[in-house]
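This report looks at a few residues and at the nonpolar cores of the chain shown here. Please keep the sequence and the structure at hand while reading.

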Amino acid sequence: WLKIHNVSDEKVWNTHLQQKAQLLKHIERRLKEEFLLRAEEPKLWLQTVESINPEALTIGFARRFATYKRADLIFTNLDRLAKIVGNQSYPVQFVFAGKAHPNDGGGKDLIKRIVEISKRPEFVGKIIFLENYDMNLAKYLIHGVDMWLNVPRRPLEASGTSGQKATMNGVLNFSVLDGWWAEGYRKEAGWALPQNRVYDNQEYQNALDAETIYSVLEEKIVPAYYSYRQNNIPQKWVTYIKNSISGIAPHYTMERQLNDYYNDYYNKLHTRHSRLLANNAAMLKELVAWKRKIKYAWNTIELIDLQYPNSANKPLDLGEEYTMKVVLQLANNMSAQDLGVEVLFTENKGGVKTLLKTIELEAAEDNQGRVVYSKTTRAMLSGVYECAFRIYPKNKLLPHRQDFPLLKWV
């Protein structure tokens, strides 16, 4: 993937322009068919086709028209949008496509509004909606537009596979840091709206996001696209394309997915399987015997003493030293190393508990089955905290704690 940087800027750009030309031809053909089926005025079709600019920055938005995807977000301020798409020196045009569920009235209303806006004089040929979105149309769009726009409400994006496919074809992304883009975004390889909301009121948040989109378009995206230098090549834009292909695309391939399965699961499971069965299954027999011992003795574990800082009576100061201690009476056949004891510190904000820190206690002494687990530490923050202790089986032969799901809260 890094070899894309060895390809000349001219070849990368010309390849993209070939794909873009294919898209624009396909758009012209589809528009003619759609206008005839709708019995639209020939004048409107001619104006639309003649206004499509092959040199303009072309932005695509194509997907299922669910309301949370906010297809109408860029139409929040039509006057400002008209200035962006009507800029004679640096023109911009948008191509929309998609379908709404038959029972989704809101989604169908979004399509209706976009079609109506596309017929306004200032937007003819600059805002285009293509009907009957299908895989064939998607193929042209995700390799032919210059940029892929995705602006769903946070945090409702499930994945964003269209943006991933666009990246494979050298198309840059501008999206909310949600779904795949929260992981995929790289600086100088695309653009992003912030991940966190500013307003609880969705209308205010929509207005803020729309203004941010306009600003990013005007100040970053449009200048990058028209950063023409030698050989009439937009140097910055091509650099972004190369960065996107080399830095983002490899993480969203089937090869990467299969490698993850092999490295994170299959290979580890194979290694563990071999270890368990080695030496006539000695490790497996040892683990099964240990689990049986712990299971039968689990309900006999007795709490003798519990000590912890009661910050409700006296709030802790930053850096203040304190000790936590749990004393347990274990069955005769159990040892201190069979159990782990940890304390969880939480903070309560507005009725919601947030985990701040987990500390594992150390087995300090063992006397006739009575074991002391303790830890002395310092307060990480000042204030009032809630804490809870939990006991769990512990053995180095376990691949993970969920392999033996016993837990006892104190």
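In this predicted model, tyrosine 308 is in contact with Thr323, Cys387 and Phe389, once its neighbours within four places in sequence are left aside. Tyrosine 308 belongs to the loop that runs between β7 (302-307) and β8 (321-329), and its C-alpha atom is separated by 4.6 Å from that of methionine 324, although the two residues are 16 residues apart along the chain. With a relative accessible area of 41%, tyrosine 308 counts as partly exposed, because that class covers values between 20% and 50%.

Glutamate 34, a residue of helix α1 (residues 9-37), is buried. Leaving aside neighbours within four places in sequence, glutamate 34 is in contact with Phe129, Leu130 and Glu131, and a polar atom of its side chain lies 2.9 Å from the backbone nitrogen of glutamate 131.

The two residues compare as follows.

| Residue | Relative accessible area | Class |
|---|---|---|
| Tyrosine 308 | 41% | partly exposed |
| Glutamate 34 | 5% | buried |

The largest nonpolar core holds 51 residues, of which Phe65, Leu81, Phe94, Phe96, Trp191 and Trp237 touch the most other members. Helix α8 (residues 202-225) gives the most to this core, contributing nine residues. In soluble globular proteins, nonpolar side chains tend to be buried together.

Conventions: Residues are numbered from 1 along each chain as its sequence is written. This is a predicted model: local features need pLDDT of at least 70, side-chain atom pairs count only at pLDDT 80 or more; totals for chains, interfaces and linings use all residues. Side-chain values use heavy atoms; hydrogens and water are left out. Helices (H or I, at least four residues) and strands (E, at least two) are DSSP runs, numbered from the N terminus. Buried means under 20% relative accessible area, exposed over 50%, partly exposed in between (1.4 Å probe, protein chains only). A polar contact is a pair of N or O atoms within 3.5 Å; within protein, one must be able to donate a hydrogen and the other to accept it, and residues adjacent in sequence count only if both atoms are side-chain atoms. Contact means heavy atoms within 4.5 Å. A nonpolar core is a set of buried Ala, Val, Leu, Ile, Met, Phe, Trp, Tyr and Cys residues joined through side-chain atoms within 4.5 Å.
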